[in-house]
Amino acid sequence: MGVAAVSLIALTVSPVNAEPDTRAKPPRGGNPLPAPPQIRDLDFLLGSYTCDYTPPPGGKPAVLKLNTKRAMGGHYLYTDATLEPGSVVGRSSFGWNPVDGTFITQYHDNWGSSGNYTSSGWKDGHLIFKGPLTQVITPNASGQTTGVKLDLKDDYQVLGPGHFKDTTSFTFPDGSTLQGSYDCHRQ
């Protein structure tokens, strides 16, 4: 394929030149592209929650505070979280990937940990996100420290209005798995 053809393909699929499908009439004065209806499946996360963490054997219990709001015209949810003890402050952004038909989550925290996860949606009362997590072991202000690459699985279940549980599994490079859970109540 010639250079001109490759350049033409690149320009054709470039997000800079992309325009939303405007066949549906956008709301007046609002976002020209309404939020996808699938994002409503994540409404159980909205609001402020206190979560009691039950760790894997040998771990220490903790308390997780969550505050989740709509963002970007409702296209995403942003969750700000604080875990004590440990003074871990993190943010997750939840959204819908319309190309792949999956939910997406991106996570990062003040220790330097980060992850990207996907979910195919609710099945039998479970919303399961899976993906890679780079977990910092010992935070260090130098910008250099040790960590481990894990596979993360978050299994959400709504237990009632303002009450959900997230069972979290971490699979290590050697294949071993640790599991804990968060029992979350809206404040």
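**Second pocket, lining**

I sorted the lining of the second largest pocket by class and got eight nonpolar, two polar and no charged residues. My classes: Ala, Val, Leu, Ile, Met, Phe, Trp, Tyr, Cys and Pro are nonpolar, Asp, Glu, Lys and Arg are charged, and the others, Gly among them, are polar. The lining includes Leu 33, Pro 34, His 75, Tyr 76 and Trp 96. I read about 160 Å³ of space in this pocket.

The model is predicted, so I note the limits: local features need pLDDT of at least 70, side-chain atom pairs count only at pLDDT 80 or more, and totals for chains, interfaces and linings use all residues. Numbering starts from 1 along each chain as its sequence is written, and side-chain values use heavy atoms, with hydrogens and water left out.

For pockets I worked on a 1 Å grid over the protein atoms alone; a pocket is an open set of points where a 1.4 Å probe fits, with protein on both sides within 12 Å along at least five of seven lines, and lining residues have an atom within 4 Å of a point. Grid points are joined across faces, edges and corners, and a volume is the space filled by probe spheres set on the points.

**Largest pocket**

I looked up the volume of the largest pocket: about 1,200 Å³. It is lined by 47 residues. Leu 83, Tyr 107, Gln 135, Phe 170 and Tyr 182 lie nearest its centre. By class I find 33 nonpolar, ten polar and four charged residues in this lining. Which strand gives the most to the lining? Strand 9 (residues 147-160) does, with five residues.

**Fold**

Helices (H or I, at least four residues) and strands (E, at least two) are DSSP runs, numbered from the N terminus. The order along the sequence is α-β-β-β-β-β-β-β-β-β-β-β. I took two strands as paired if DSSP finds at least two bridges between them.

Strand 6 (residues 114-119) pairs with strand 8 (residues 126-136) in the antiparallel sense over three bridges. There, Gly 115 has Leu 133 as its bridge partner. Strand 7 (residues 122-123) runs antiparallel to strand 8, with two bridges. These two form a hairpin with two residues between them, and Asp 124 in the turn has a positive phi of about 50°. Strand 8 also joins strand 9 through ten bridges, again antiparallel. I checked Gln 135: it stands opposite Val 148 in strand 9, and it is among the residues nearest the centre of the largest pocket.

**Strands 9 to 11**

Nine bridges join strand 9 to strand 10 (residues 163-171), running antiparallel. Their hairpin has two residues between the strands, with Gly 162 at a positive phi of about 70°. Nine bridges also join strand 10 to strand 11 (residues 177-186), antiparallel. That hairpin has five residues between its strands, and Gly 175 in the turn has a positive phi of about 95°. I find Asp 166 opposite Tyr 182 in strand 11.

**Thr 50**

I then went to strand 1 (residues 47-54), where Thr 50 lies. Is Thr 50 buried or exposed? It counts as buried because its relative accessibility is 17%, and buried means under 20% relative accessible area with a 1.4 Å probe, protein chains only. Its side chain makes a polar contact of 3.4 Å with the side chain of Gln 187. A polar contact is a pair of N or O atoms within 3.5 Å; within protein, one must be able to donate a hydrogen and the other to accept it, and residues adjacent in sequence count only if both atoms are side-chain atoms.

Notes:
Buried < 20%, exposed > 50% of the residue type's maximum accessible area, 1.4 Å probe, protein only.
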